[in-house]
Amino acid sequence: MISDNIASLKRQIPSSVKVVAVSKGWPVSGILEAYNTGHRIFGENRVQELLSKKDLLPGDIEWHLIGHLQTNKVKHVVPFISMIQSVDSIRLLRAVNNAALKINRRIDCLLQFHIAEEQSKYGFTMDEVRELAGSDELARMEAVRICGVMGMATFTDDMEQVRDEFKYLNSCYRELSEKFFTDQEHFSEVSMGMSGDYTVAIEEGSTIIRIGSIIFGRRQEI
Ligand SMILES: *Cc1c(COP(=O)(O)O)cnc(C)c1O
């Protein structure tokens, strides 16, 4: 089932769009089924759950963290994480940089934007990112690499609203790309789109979709 779901999803999307299989709430057996189809990129939103699963799974999985990361947990993920998509404050970025420096790693990060209408504590505004992107401090952070932006649209059936939010995120990406990350080829990712809205996201320029329920089925809330 899981293998069919992945295969049919990948048939529907351009091959240039990366799929993060969001395995939160699913046991390692399901993740292994996806892995055995050749899929390697998985995402979790909770550090504890990620840590308990990853030791039971093959070492060549590329783990993406997609949920809020508390600074006191940074040291647990930095040794192995492939990408932190949910960098939502300068304080967190600093903590990642410091932890990565200590172990000689460079961590790929996305800046998470707050684009939905729902109140959320997490995510940058474009003004905050402009300030960060132009700062000397960012230029000195050698152990993080900003690879693009990430955002979650409002949870609604109104696909025009969702489309506008994705358009906005992509316009932020383009502005940053032109003004601040001009000569940085790795600044290339726009992570947007989940099971309910990935088609719209891809139409609006997504390069990474984060898909849970379409691959694994509806999750039990834990
Ligand atoms: C759970 C989650 C997803 C995947 O959601 P689905 O609707 O199950 O595809 C994507 N992104 C984030 C940040 C999530 O927490």
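Helix α6 passes helix α8 in a right-handed crossing, meaning that the near helix is turned clockwise from the far one by less than a right angle. This is a predicted model, in which local features need pLDDT of at least 70, side-chain atom pairs count only at pLDDT 80 or more, and totals for chains, interfaces and linings use all residues. Residues are numbered from 1 along each chain as its sequence is written, and side-chain values use heavy atoms, with hydrogens and water left out.

The axes of α6 (residues 126–133) and α8 (residues 159–179) come within 11 Å and cross at roughly 20°. That makes α6 roughly parallel to α8, a label for angles under 35 degrees. Met126, Val129, Arg130 and Ala133 of α6 meet Tyr168, Cys172, Glu175 and Leu176 of α8, where contact means heavy atoms within 4.5 Å. By class, this contact has six nonpolar, no polar and two charged residues.

## Helix α3 and its neighbours

Let's turn to α3 (residues 47–54). Here Val47, Glu49, Leu50, Leu51 and Lys53 are buried, that is, under 20% relative accessible area with a 1.4 Å probe. The buried residues of α3 pack against α2 (28–35), β2 (41–44), β3 (62–65) and α4 (74–77).

Strand β1 (residues 18–22) pairs with β8 in the parallel sense over four bridges; pairing takes at least two DSSP bridges. Val19 has Ile209 as its bridge partner in β8.

Note on methods
Axes fitted to C-alpha atoms, helices over the stretch in contact; angles between N-to-C directions. Helix = DSSP H or I, 4+ residues; strand = E, 2+ residues; numbered from the N terminus. Parallel < 35°, antiparallel > 145°, perpendicular 65-115°, else oblique. Nonpolar A, V, L, I, M, F, W, Y, C, P; charged D, E, K, R; others polar. Buried < 20%, exposed > 50% of the residue type's maximum accessible area, 1.4 Å probe, protein only.
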